[in-house]
Amino acid sequence: MNRTRDIMALTCLIFLILSKFEMASGKVLEETYQKWVQYKEDCVKMILNDPLPQVGFFCNRTFDKYACWPDTPAFSEVNISCPFYLPWYDKVSQGVVRRRCGSDGHWERDDSGQVWRDMSQCEEEKEVTSQELWFKQLMVSFRMLYTVGYSLSLFMLITALIVLLSFRKLHCFRNYIHANLFLSFILRAVSVIVKDTMLERHWGREIMKQTDVREILSHQAAIGCRIAQLMMQYCVLANQSWFFGEAIYLYSVLIASVFMDNNKYLRYILLGWGTPLLFVVPWVVMKLLKENKECWALNENMGYWWIIRFPILLASLINFLIFMKILKVIFSKLRASNQTGYPDYKLRLAKATLTLIPLFGIHEIIFIFATDEQTTGVLRYTKVFFTLFLNSFQGFLVAVLYCYANKEVRTELRRKLGNWRIKAETVCCGK
């Protein structure tokens, strides 16, 4: 019963301190609630334990769900420090909230009949609010950008995967690796979209009644978005692992034999789909034991986040070294076989370079040393924009380059379309 009253009081509080936003931040909501409960308990102890005034009229001590008020002599004004549970308390810690006690020993009321209270010194600065609103709009724009990118990539990758698996002449070891890379892109896109949906469902709902607050703060409500977060981290690592697999395969073909035995395909499968488990499982364990909060979307201890980040950065560095080695081999072979002059093989080398960049995930190297802890301001926004843009549209680019623009695939598609056209004319015209 007490819990229900607390929830109802918190609902009023949320409307009060977050009324300028359409939706409350999950982290702010949870921390505000915990601090508010502590503030309320301290106030109740004061109400129960402090001695009563001995003489004269006075307004009774009370907790109005916002601030804790002591006994106040009649015909006087009382100033109370801004409540410490406010999310912006550090900026208003010197401010006060005020009440007036009337001559009859009752708290003064305003024209609407509510107890008068002046909390202007405890409100968040308008300048800060406008900055937060700008940041929110920027994040919404970024989310729209990568949602479009992942959706477009998802469509192109699914159709490309169907093409590779449907035509028997396209069944070869190289295309099997491409197919797994396409599948990892598909799972990554789906997991990102599902994760965003779960986070929106968990933290993004509007607070309309006390049951909404109870549901948001419940442990059961966080399970779904934690699973979505887990799957997204696995799919991202699997995608990076298949980048690594593509690099190893091309390195094996052009330079040295790696994984080139009777069980070579099994080795690639273990590398692409098994390796991520070696890092995701420890990350989940640390989250459960040390940071089992909200939807696991925040990284209070960046050391745990390095469990996921380290293999991505390591694979990106190795892929970049393999990329440079392969380019050197391609450059040597093109120059050796060049028959039409320097500009031709230079153009072919540029084409090969641009083709390999999305296949190996080389773009990851751009911000590899600009970590989240080190970037702020414009650099951070720039990094976020390019990372989200490149990651979301990369699947689209890979599908185009290694399926739709591939000469072997186009030849097979034309042959199949020709056969279907002939069969259709035969059925239609009776030839």
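Select Cys-43 and Cys-68 and display their side chains: the torsion about the S-S bond of this pair is about 85 degrees, so the disulfide is right-handed. The two residues come from distant parts of the chain, Cys-43 in helix α2 (residues 26–49) and Cys-68 in strand β3 (residues 68–69), 25 residues apart. In this predicted model, the sulfur atoms of Cys-43 and Cys-68 lie 2.0 Å apart.

With the pair still selected, turn to the surroundings of each partner. Cys-43 has a relative accessible area of 1% and is buried. Cys-68 has a relative accessibility of 13%; because buried means under 20%, Cys-68 also counts as buried.

Next, select Cys-59 and Cys-101, which are joined by a disulfide with an S to S distance of 2.0 Å. The link again spans distant parts of the chain: Cys-59 is in strand β1 (residues 58–59), Cys-101 is in strand β6 (residues 96–101), and 42 residues separate them. Viewed along the S-S bond, Cys-59 and Cys-101 show a torsion of about 95 degrees, so this disulfide is right-handed. Are these two cysteines buried or exposed? Cys-59 is buried, at a relative accessible area of 0%, and Cys-101 is buried as well, at 2%.

Move on to Cys-82 and Cys-122, whose sulfur atoms are 1.9 Å apart and form a disulfide. Here the cysteines sit in loops: Cys-82 in the one between β5 (76–81) and α3 (89–92), Cys-122 in the one between β6 and α4 (126–166). The pair links distant parts of the chain, with its members 40 residues apart. Is the disulfide of Cys-82 and Cys-122 right-handed or left-handed? The torsion about its S-S bond is about -90 degrees, so the disulfide is left-handed. Cys-82 and Cys-122 are both buried.

Select Cys-172, which has a relative accessibility of 23%. Buried requires a value under 20% and exposed one over 50%, so Cys-172 counts as partly exposed. Finally, select Cys-235: its relative accessible area is 5%, and the residue is buried.

The bond between Cys-43 and Cys-68 is right-handed, as is the bond between Cys-59 and Cys-101, whereas the bond between Cys-82 and Cys-122 is left-handed.

How values were computed
Residues are numbered from 1 along each chain as its sequence is written. This is a predicted model: local features need pLDDT of at least 70, side-chain atom pairs count only at pLDDT 80 or more; totals for chains, interfaces and linings use all residues. Side-chain values use heavy atoms; hydrogens and water are left out. A disulfide is a pair of cysteine sulfur atoms within 2.5 Å. Helices (H or I, at least four residues) and strands (E, at least two) are DSSP runs, numbered from the N terminus. Buried means under 20% relative accessible area, exposed over 50%, partly exposed in between (1.4 Å probe, protein chains only).
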